[in-house]
Amino acid sequence: MNREDLLFSIRTLSRSLDAASFASFVRHTHPSDLAEALDVLPPEQALALLLTLAAPTRAELFVHLPEQRQDSMLRAMSREAVVQLFEHMPSDDRADLYNRLGEQAKHKLLPALAKVERDDILRLAAYAEGTVGSVTTSDYVHVSPQMTVAEALAHVRATAPDKETIYSLYVLDQEHRLSGTVSLRDLVLADAQASIGTIMRRDPVFARAHWTREQAAELIRHYDLLALPVTNGGERMIGIVTVDDAMDIEKEQDATQLARFGGTASLGAQDLDVLASPLRQMFKVRVFWLVILTFFGVVTSTFVAAQEELLTQVIVLAAFIAPIVDMGGNTGSQSATLVIRAMALGDLRLQWRDVGLIIKHELPVAAALGVAIAALEVVLAYFAKGVGFDVLMVVGLSMLVCTVLGGVIGALLPFLARRIGTDPATLSSPLITSVMDLLGVFIYFAFAYALLGDLLTQAAG
């Protein structure tokens, strides 16, 4: 079903509120697509449709909705509906939702929940935002090493409906410490009377709850895991981080790096959201970067203005300032983007070997780009402006040096950022461009004075 048909069906159902028809529609449509369609409806209509569903199905669909829509719906729900929602939501999602509630709403909710659910919410909600613990779910299957394979399979069948994933089973000792893992495939193929302790994989990869969630996502990606076990400070297992959680983390991380690379990331605060961030926050974050770049611009323009005497004698030089300084910034942005991407993928690390490797690869590429762009600029300058040989030399050499320097500086700046403990993505494209603008005019006029300085001497005489 295409998006237009889906939206038409949802709008029709929102008017009729036919519970049976909507339930049937939900069974044959992916929750992500349904959530996207429900998000188009006014909140009260979307909530009315959602409340026609059975509590487990309602919770499954609810977690796919955007957080803002979840919060607005929750405020409009009855206490009974809210309790049902928390009873059937995945543990990590309900912990996130609980953390977004006001204190009064929390006090009303907790007494209505069963003790096991209440304790689970409080335990997961206690971890700081951004840590592995904050994205951990307790919906996993664990077995003991003394169980036989037959007993473990029976245990999986009995508990699977309430678990987020069953493809990996976690072997825990009596103290709830992680001893090993068993895949569902290994369990099915093993002898029914074999003990779990004899077929489990020992020393599994795991994360600690206080680590950053990006570390968990990296482990899942590096070891190609479907789920990653998480332990607390006492080495006891508290839950798992699933591969879909890791994908969400990396997606959010990519968006954050993109915001920083564009010079719109908040310093020490939440990243900007073009739709949700308050006007004051949008202004404060963006004006910070613009003020910094303005200083670069003022220094650059002041230096150019000081070259009035040379520009008066060779007025055509002014025509080439912009393309020459822009090329350095453009080349630097390209190089920085490639290095930051390699760092994000784990291909490059903060070590001299990798710095040397980047210089070795980037320098010949930047040199080749510089020669090609300089040659093109000289040809265009000759035919478009009809300038003399000396000016062509100034233009060509400046373009060559700016392109090479931009490529090398752009490739090295991310390493410098890592060295001083800053996210490389904070070296935003506008900042690299501004730095190269300043260096570009220095280089351009240095060549101009070296090759055309005799004109000033003749004018003074």
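This talk covers the sheet and some of the salt bridges in a predicted model.

Let me start with the sheet. Four strands make it up, in the order β1-β2-β3-β4, and the sheet is open with mixed pairing. The two edge positions belong to β1, residues 142-143, and β4, residues 201-202; each has a single partner strand, so one side of each has no neighbour in the sheet. As a reminder, strands in a sheet pair through backbone hydrogen bonds, in either the parallel or the antiparallel sense.

Now we go across the sheet, pair by pair. β1 pairs with β2, residues 168-172, in the parallel sense, over 2 bridges. Here histidine 142 stands opposite tyrosine 170 in β2.

How many bridges join β2 to β3? There are 5, and these two strands run antiparallel, with β3 covering residues 178-183. Tyrosine 170 turns up again in this pair, opposite threonine 181 in β3. β2 and β3 form a hairpin with 5 residues between them. In that turn, histidine 176 has a positive phi of about 70°.

β3 also pairs with β4, in the antiparallel sense, over 2 bridges. Threonine 181 has arginine 201 as its bridge partner in β4. If you want to follow this on the structure, go from histidine 142 to tyrosine 170, then to threonine 181, then to arginine 201.

On to the salt bridges. The count comes to 14, and I will show some of them.

The side chains of glutamate 218 and arginine 221 meet with N to O at 2.9 Å. These residues are 3 apart in helix α14, residues 213-223, so about one helical turn separates them. Glutamate 218 is partly exposed, at 26% relative accessible area, and arginine 221 is partly exposed too, at 36%.

Lysine 106 forms a salt bridge with glutamate 103, and their closest N and O atoms are 3.8 Å apart. Both lie in helix α9, residues 103-109, and again the spacing is 3 residues, about one turn.

Next, arginine 213 bridges to glutamate 214, with the closest N and O atoms 3.9 Å apart. Arginine 213 counts as buried, at 11% relative accessibility, whereas glutamate 214 is partly exposed, at 30%.

Last, a network: salt bridges link Glu67, Asp71 and Arg100.

Key:
Residues are numbered from 1 along each chain as its sequence is written. This is a predicted model: local features need pLDDT of at least 70, side-chain atom pairs count only at pLDDT 80 or more; totals for chains, interfaces and linings use all residues. Side-chain values use heavy atoms; hydrogens and water are left out. Two strands pair if DSSP finds at least two bridges between them. A salt bridge is a side-chain nitrogen of Lys or Arg within 4 Å of a carboxyl oxygen of Asp or Glu. Buried means under 20% relative accessible area, exposed over 50%, partly exposed in between (1.4 Å probe, protein chains only).
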